[in-house]
Amino acid sequence: MHLLNLGILAHVDAGKTSLTERLLHTAGVTDEIGSVDRGSTRTDTLALERQRGITIKSAVVSFPLDSVTVNLIDTPGHPDFIAEVERVLGVLDGAVLVVSAVEGVQAQTRVLMRTLRRLRIPTLVFVNKIDRRGARGASVLEEMARRLSVPLVPMGTAAGLGTRAARFVPGLGPSALDVLADHDDDLLAAYVTHGVSDGRLDAALAAQTRQGLVHPVWFGSAITGAGVAELVEGVERLLPPASGDPDGPLSGTVFKVERGPAGEKIAYARIFSGTLRVRDRVPLGDGREGAEGREEGRITALTVFDHGGDVRREQVGAGRIARLWGLGGVRIGDALGTPGRAAGHHFAPPTLETVVVPGPGADRRALHLALTQLAEQDPLIGVRHDELRKETSVSLYGEVQKEVIEATLADEYGLDVTFRETTTLCVERPVGSGAAVEFNEKDGNPFLATVGLRVDAAPAGSGVRFGLEVELGSMPYAFFKAVEDTVRETLGQGLHGWRVTDCAVTMTHSGYSPRQSHAHQGFDKSMSSTGYDFRGLTPLVLVEALRRARTVVYEPMHRFRIEAPADTLGALLPVLARLGAVPESTGGHDRAGVLEGAVPAARVHELGQRLPGLTRGEGELETVFDHYAPVTRGPLPERPRTDHNPLDRKEYLLNVTRRVGD
């Protein structure tokens, strides 16, 4: 049988987990359909997920169809947990995007569809909840076409909307040929000359769906089962099976890490090529160019997903997803064996931050360890420890995530915490170019190292690049690696304390004191360069180069869309101006007006609070992170530093050189 790794994605409360339960029941994996309300779902296994009725962590469950075995991955729908979705995207062969027939297209729906299209992941659409009061059929289809701006092929229609008897009526309509012919000139020519057979139309539909060009749409209900059998048939017929050579070189990607009952790490990995066996030693790491000496791990056990459970195996081949034990140093995004598909970031990073305040009697070290472990399972959630102030901060996507962290710390670690007010995370970008150099044993340099660095501004979104203008053989590779690692670490706090991004850092000078020794005494550390010298000197050189390049602080901006009665838009404009928002376009349909633009992320919550009073309670707000923009209003935001502050040379050297002998 073929394999298919299938993701179920949706806006929160669209019925994604209920559809997963229905699919498992339809495939015969479960005798009873799990209920989100009763907390009996197969994929929401965390106590917190069952209590809140939302998916927080992605889960994998397998079931067989007639000709394909499906690894079904249920993902969170709430935007606060978008990092979980991000990791899953890289291992999918296809996806089902769930849309509510009642609520229609929502903010997360648009974010997900844009990303699925960009990654060319073949995607089917299931319009759920046709049995619910207020369910819509044709108008939801029109709304999807308008707001998602993608080619849709309705696979039938919905009848009996809003009743328990609601059902799906299969049948391709005339619009299917129009949509498919837009991507196939031969199909259009055949239609014009002698017509198109049903077989030709079905073949074109399958081919274009597998290429991610069009998106078939079914209507149904996960609760009653309407339309689900037809969706299953579409999954089997229209989505491409997993590919990969089981005899090729090993290549896989880790997309999830969890801890077992004894605290051991368990890695979830998709194998793209080759075969992985128990007791194999496997190179793992990010696979970056020039990253020598990748860490190795030894597989002590593995399981694959099969018929609703996971089963111990001695090996796993290309195309499959497995759980792996024995990789103690593994991190999410690591490549196994030969680096293959780049993990990449498909969604925005967290734009909020809060300080975690330990409750009475809570052990600060235990709290820091617990937060570090949580960050291991969610790499987009950064932990920042301020030793000077004895504070630990975490970066977040939203307030719900904060509640989940609080509950997880209490339930799993026995730690009671509270949080300070959430603040916005800004970034810094260099304006131009700046260079600095410090030479070994000259001009007050206490380190046995020469380091020269140049910082150049780079295009927005390019991240940080590190390069060399010196020969790689001019000194030991370990010293170059120490400089690069320290550069990336130091850029976590720029001239104003924010993470520095979108720049190219080039090493322009290098030098070291060769290994010295005295007769019969061995290596003399005081006369020979070590990695510590380069790690200590690099921050001083880098911040001086940044000073000369100058940096600008950018704040996160959200794209907003407000739909409200047309006669209320005039009252909205002055409020938007006071919030620093920039309206960019207006439109509307029927008697509703639509206003779109950009608003600072820090003011989104206030905008949401004020909207009902300004629109007679009829306004709908949709926001999503869009870009960073220079801070132009109010005082320039500064972030307290947590390092030894290389901006103050005297203080830095006092703190760092004092530790040389430690």
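Cys426 is buried in this predicted model, at 8% relative accessible area, where buried means under 20%, exposed over 50% and partly exposed in between, using a 1.4 Å probe and protein chains only. Cys503 also counts as buried, at 0%. As for disulfides (cysteine sulfur pairs within 2.5 Å), the structure holds zero. Residues are numbered from 1 along each chain as its sequence is written. Because the model is predicted, local features need pLDDT of at least 70 and side-chain atom pairs count only at pLDDT 80 or more, while totals for chains, interfaces and linings use all residues; side-chain values use heavy atoms, with hydrogens and water left out.

Next, a bit of sheet. Strand 26 covers residues 433-438; strands here are DSSP E runs of at least two residues, numbered from the N terminus. Gly434, Ala436 and Glu438 make up its covered face, while Ser433, Ala435 and Val437 sit on the uncovered one. In a regular strand, side chains alternate between the two faces of the sheet. Strand 26 runs antiparallel to strand 27 (residues 449-457), with six bridges between them; pairing takes at least two DSSP bridges. Ala435 is found opposite Arg454 of strand 27.

On to the rings. Five aromatic pairs turn up across the whole structure, counting Phe, Tyr and Trp (six-membered ring) centres within 6.5 Å, with planes under 30 degrees apart stacked, over 60 edge-to-face and the rest tilted. Phe625 and Tyr628 form an edge-to-face pair, 5.2 Å centre to centre with 65° between the planes. Phe625 is partly exposed at 21% relative accessibility, whereas Tyr628 is buried at 14%. Phe255, Tyr268 and Phe305 form one aromatic cluster.

Note on methods: Helix = DSSP H or I, 4+ residues; strand = E, 2+ residues; numbered from the N terminus.
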